[in-house]
Amino acid sequence: MSLKLKVLAAAFALSSCFSATAAPRTYIAPAAERDATRAIASAYRALSAKIPLELYDVDGLAESLDYDVAAAADFVRDNIAYDPYLGVMRGPEGTISASAGSSWDQAVLLAALINSMAGEAMIVKGTLEKKDAERLLIGSFSKRIPLSSGISVDDVTDMFKEFVPIDRLSSVTAEALELEDHVDQNVALAEKDVSELAKRISTSLKASGVSIAKTDKVLTSKLLDQVAEEYVWVRYRDTPNDPWIDAHPAFQGAAAPKVEPETFFSGTVPEDRLHKIEFRLEMERKTGDKFDRVSIMSPYVRPAANLALTQITIGIAPNTIRDDGEAGYFVPIVNQKPAERAQAFTLQGLTAPAEDVVAGPEIFATVGSKYAGALGALNETNGKTDSAPRLSGVILTVVHISPGGKSTSVERRLTDFRQKLPEKPSRLVSFQGIVDVNVGPENGARAMKDALESAANFARVAPYYRAIFDGTMTTEEAISHPAFAPDQIRPAWSEMLSAGNAFNQDASEQTKLVRIGPMVSMRRMHNTRSAKGIVRQTVDILTDQTRSITYAAGAVSVSPSDNYEQGIRATLAEHALGAGSASTDWRRLGTSSVLTDRASVATWSDRAGASPLVRDRLNADLDNGTIVVMLDRSDDPVWWRIDVATGQTLGMGAHGGEVTVEYGVVSAVFALAGFVISALDCNDIYRNNEAMRKCCVVGNALVSAGSAGLLAPVTGLVKPVAAGLEAAAGYIFFQLTFEVVTLPISGMTSKRIDSVCRGMWE
């Protein structure tokens, strides 16, 4: 491959981050292909339009209530259940989708509805008496209305009739209905796995003198205090001439509490009542024997309620690929553009403001002079001597800021060059992460709408992907082609959107799981071109804060042991969604050691020959107040991180969630950049196997366009509501969408795609 082509391929890595230079459009797909893909896209958008707005949108709900203020108060009281967590985590839209929320989220939703109806509303805060706090907690166990997306099996099958042979549609529909019939059985089997694994780990804990309580009086008392102190309600009126009315939606149909107003809020929610998520990227630099960290972006901080509405992307992008396959420098990226106050950095550990080295549309024409001027001594050090500075790592920090300001942070060392720089480091520095924020079980209407729109967008550009790998359009032409404009391609992580409810245990009359903080998960992709594959994918739960409460003998108690089982459940779901292998299946791994302090970590690490990265992670877990149960796995150690006081549990490894898979076919690094760079790898690796080459490119196109979820398996861990569809309709959608949207790319029949390629993706 020529130097020019390598540079252009790397330039494509930032084509979704910076405006490309103007270039003539040299290729238009044939009219027949455009008409066919337009029909596919229109069908998906027509199905999307059937999703009722009132299932996830304030204005849509207000319209469905005929802009009646009293009806809004009745709706929130009767249809939005109470969940005991602090502050605002879901926001008005998320609370509609979940049909539940804290007293803050319920009040925020009702106030938003009334204000959208031209009424007047304010949020009132007061402190409940203990007996009312207990009554409110007990009320949270009331039976809830089942979540539903408003789309049926018939809606989905009607859409596919135009594109799929009737026998194929009938077959998939029969499979889907059978799956739905066995959902309860499959979930029961999954729960059996959770229970058996919990008992096995508990045996190891008890042998070390550690146990997890069934109930905890101290935590229960603290919860009651929080419920009482956090209580809010809504005071509203239809017109200025009407009297004020107090609405207490948290108590639903029960008698309203007697509570004195202490504070009134109108307009925006106070900052200190919001759950927030913060992301930071730092470069670590080694100079001699010393390490120091340099921030390479301003902290990206957003309310969790906002982040739960749409996934974000974060990553490190190279400026170009030189003739030796390496990058000149790297830029932190958030949502496909340079992060705020981004710092470009080099393998030598040098940094400069990204705006000084990136010149918008002229970036690649001016990079030489601006880069040299900004970094000065760039060419004077090569990073290979002991005294010269060099890059030793890239670290991601994710912080959950709770209402009141308490924060919990986790780190992920994304790049570890502390011992030495590898021979070809650039691909290990560059990565793309897609972050999903889950704030609790939802009806899935919004997530399904995202999936449908993603499929529609991909269908429209499919002929142009086909043109690239058929050679009709070159990569040089594709760089500035309008089909690949940044606003046409938005990466998505459909697996998490489709199965997020698998992380949230169904409530019963005796047990209830409450998400007290957002679950932040991430799919990271590194284009490694290793011996195992082209790309390494890591699925990782970064934060997951839950509380389990039980109701028995007329009282509510906090249950650390039930919360402990929930952590195991989440880890198994993470493994399934990340396509983890049998050798890394947590259910198959026995326990070896229980580590309770830094001394025990040092002893175990010395005996096991653990890497610095593993030692760091173990010590960080212990410093955060947890103990560690190591598992029987000699290569790439993994462990259970357990807070014995709260029961908070998560499976961990050196890279985080440790569901890491290397693919030889599917690849994605920087949206379209991933397609171009790894498509070149496909052509190289499979140059003597045309069928495999096409499979590889099709896989890259799917992942790059945000359609990887079309390959997601349906497992017993997925609850009856998944992907915004009941189980049967969801299964049909994912099975057949794969076939429909890949037809325009591959030129193969759906049968051949399925038989030749699918096995390589699963």
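**View 1. The structure holds nine aromatic pairs**. Rings of Phe, Tyr and Trp (its six-membered ring) pair if their centres lie within 6.5 Å; planes under 30 degrees apart count as stacked, over 60 as edge-to-face and the rest as tilted. The pair of Tyr44 and Phe733 is edge-to-face, because the ring centres are 6.2 Å apart and the planes stand at 85 degrees. Tyr44 belongs to helix α2 (residues 31-49) and Phe733 to helix α24 (residues 727-746), so this pair ties together parts that are 689 residues apart in sequence. Helices (H or I, at least four residues) and strands (E, at least two) are DSSP runs, numbered from the N terminus. Tyr44 is buried, with a relative accessible area of 1%, and Phe733 is buried as well, with a value of 0%. Buried means under 20% relative accessible area, exposed over 50%, and partly exposed in between (1.4 Å probe, protein chains only). Tyr44, Phe160 and Phe733 form one aromatic cluster.

The model is predicted: local features need pLDDT of at least 70, side-chain atom pairs count only at pLDDT 80 or more, and totals for chains, interfaces and linings use all residues. Residues are numbered from 1 along each chain as its sequence is written, and side-chain values use heavy atoms, with hydrogens and water left out.

**View 2. Phe141 and Tyr551 form a tilted pair**. Their ring centres lie 5.6 Å apart and their planes meet at 35 degrees, so the pair counts as tilted. Phe141 sits in the loop between α7 (130-139) and α8 (153-160), whereas Tyr551 is part of strand β21; the pair therefore ties together parts that are 410 residues apart in sequence. Phe141 is buried, with a relative accessible area of 11%, while Tyr551 counts as partly exposed at 27% relative accessibility.

**View 3. Strands β18, β21 and β22 form an open sheet**. The order is β18-β21-β22, and the pairing is antiparallel. Two strands pair if DSSP finds at least two bridges between them. At the edges are β18 (511-515) and β22 (555-558), each of which pairs on one side only. Neighbouring strands of this sheet are turned by 30 degrees against each other on average, direction ignored. Strand β21 (residues 546-552) is joined to β22 over four bridges, and Ile549 stands opposite Val558 in β22. Helix α11 (residues 217-229) lies across β21 and β22 and runs at about 110 degrees to β22. Axes are lines fitted to C-alpha atoms, for helices over the stretch in contact (heavy atoms within 4.5 Å), and angles run from 0 to 180 degrees between N-to-C directions.

**View 4. Four strands form an open antiparallel sheet**. Their order is β5-β4-β3-β6. The edge strands β5 (245-247) and β6 (263-265) each have a single partner strand, so one side of each is left without a neighbour in the sheet. Strand β4 (residues 232-237) pairs with β5 over three bridges, and the bridge partner of Arg235 is Asp246 in β5.

**View 5. The largest nonpolar core has 67 residues**. Those with the most contacts inside this core are Phe279, Leu281, Ile314, Ile316, Phe345 and Val429. Apart from it lies another core, of 42 residues, among them Ile151, Val156, Val172 and Phe733. A nonpolar core is a set of buried Ala, Val, Leu, Ile, Met, Phe, Trp, Tyr and Cys residues joined through side-chain atoms within 4.5 Å. Of the 762 residues of the chain, 58% count as buried.
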